[in-house]
Amino acid sequence: MTNVRHIFFDLDNTLWDHRRNAYLTIKELFEQQQIAEIYHIDFESFHDAYHEINEKLWEQMRDGEIDKDYLRKHRFFDTFLKFQVDDQDLADYFEHHFLDEILKYNELVPGAADLLDYLQDKDYKMHIISNGFQEVTERKCVLSGIADYFETITSADSVGIRKPRPEIFQYSLDLAKAEKNESLMIGDDWIADVKGAQRFGIDVIFFDVYHDNPREQNLKVIKHLSEIKQYV
């Protein structure tokens, strides 16, 4: 990959450990509101239900089936409903506090800091393309200490288009003053990152977090961020 000069990263669960940080945040809110005591709900069961519902809603938003407001209204409400708790005010409390509280937890994916140092030392220009909410994407980078590694940060909210749409990749490349043949995308979402980058026409490395083990010829697949070093 001798032509690569620009590396575009997804943020959540590629560099910033959203799964871990969300888990800790929801656990804190769960305890603050005494959900186990009042509603007799086990936290791990609640979190598992939330994770499943949230992932599905994000897929629907990525595919243009729902908007951001729908996701924010339903992810906690639908989770509580699964435990026969029909309380919009309680769900709104969780949603309102979730985005602020999650920024108290800024754990990175294992190997992220070391990889960014490695790439910086090799003079790669690094960028973020995120489908996350604009109001927290840059703050995640700043508060976790990785913002200075990146020359540009593109959030889907700021563009009004989400990965895998080619327009967001083009916007980010234009912002970075990068060409397709010198660009590489790294991400953990099969549709948004891998298929999006392939259809747009830039090289991609799939961070196979869930060990899906895709069988696609010539696809670069890693299980740990340190494995990126064999390609760049």
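Predicted model: local features only at pLDDT ≥ 70, side-chain atom pairs only at ≥ 80, totals over all residues.
**View A. Crossing of helices α9 and α10.** Helix α9 spans residues 166-176 and helix α10 spans residues 190-200. On the α9 side, the contact involves Pro166, Phe169, Gln170 and Leu173. These residues meet Ala192, Asp193, Gly196, Ala197 and Phe200 of α10. By class, the contact of α9 with α10 has six nonpolar residues, two polar residues and one charged residue.

**View B. The largest nonpolar core and the surroundings of Ile7.** The largest nonpolar core has 56 residues. Within this core, the residues with the most contacts are Ile7, Phe9, Leu15, Phe98, Phe150 and Leu225. Leaving aside neighbours within four places in sequence, Ile7 is in contact with Leu119, Tyr124, Lys125, Met126 and His127, as well as with Leu184, Ile186 and Val232. Another core, of 17 residues, lies apart from the largest one and has Phe169, Ala176, Ile202 and Val204 among its members. Phe169 also belongs to the α9 side of the contact with α10.

**View C. The edge-to-face pair of Phe30 and Phe43.** A search of the whole structure finds 16 aromatic pairs. In one of them, the ring centres of Phe30 and Phe43 are 5.2 Å apart and the ring planes stand at 70°, so the pair is edge-to-face. Phe30 lies in helix α1 (residues 18-32) and Phe43 in helix α3 (residues 43-62), so that the pair, 13 residues apart, links distant parts of the chain. Phe30 and Phe43 are both buried.

**View D. The stacked pair of Tyr50 and Phe76.** The rings of Tyr50 and Phe76 have centres 4.8 Å apart and planes at 20°, so this pair is stacked. Here too distant parts of the chain are linked: Tyr50 in helix α3 and Phe76 in helix α4 (residues 68-82) are 26 residues apart. Tyr50 counts as buried at 3% relative accessibility, and Phe76 is buried with a relative accessible area of 0%.

**View E. The aromatic cluster containing both pairs.** One aromatic cluster is formed by Tyr23, Phe30, Phe43, Phe46, Tyr50, Phe76, Phe80, Phe83, Tyr93, Phe94 and Phe98. Phe98 is also one of the residues with the most contacts inside the largest nonpolar core.

Key. Residues numbered from 1 in each chain as written. Heavy atoms only, no water. Axes fitted to C-alpha atoms, helices over the stretch in contact; angles between N-to-C directions. Helix = DSSP H or I, 4+ residues; strand = E, 2+ residues; numbered from the N terminus. Contact = heavy atoms within 4.5 Å. Nonpolar A, V, L, I, M, F, W, Y, C, P; charged D, E, K, R; others polar. Core = buried A, V, L, I, M, F, W, Y, C linked by side-chain atoms within 4.5 Å. Buried < 20%, exposed > 50% of the residue type's maximum accessible area, 1.4 Å probe, protein only. Phe/Tyr/Trp six-rings, centres within 6.5 Å; stacked < 30°, edge-to-face > 60°.
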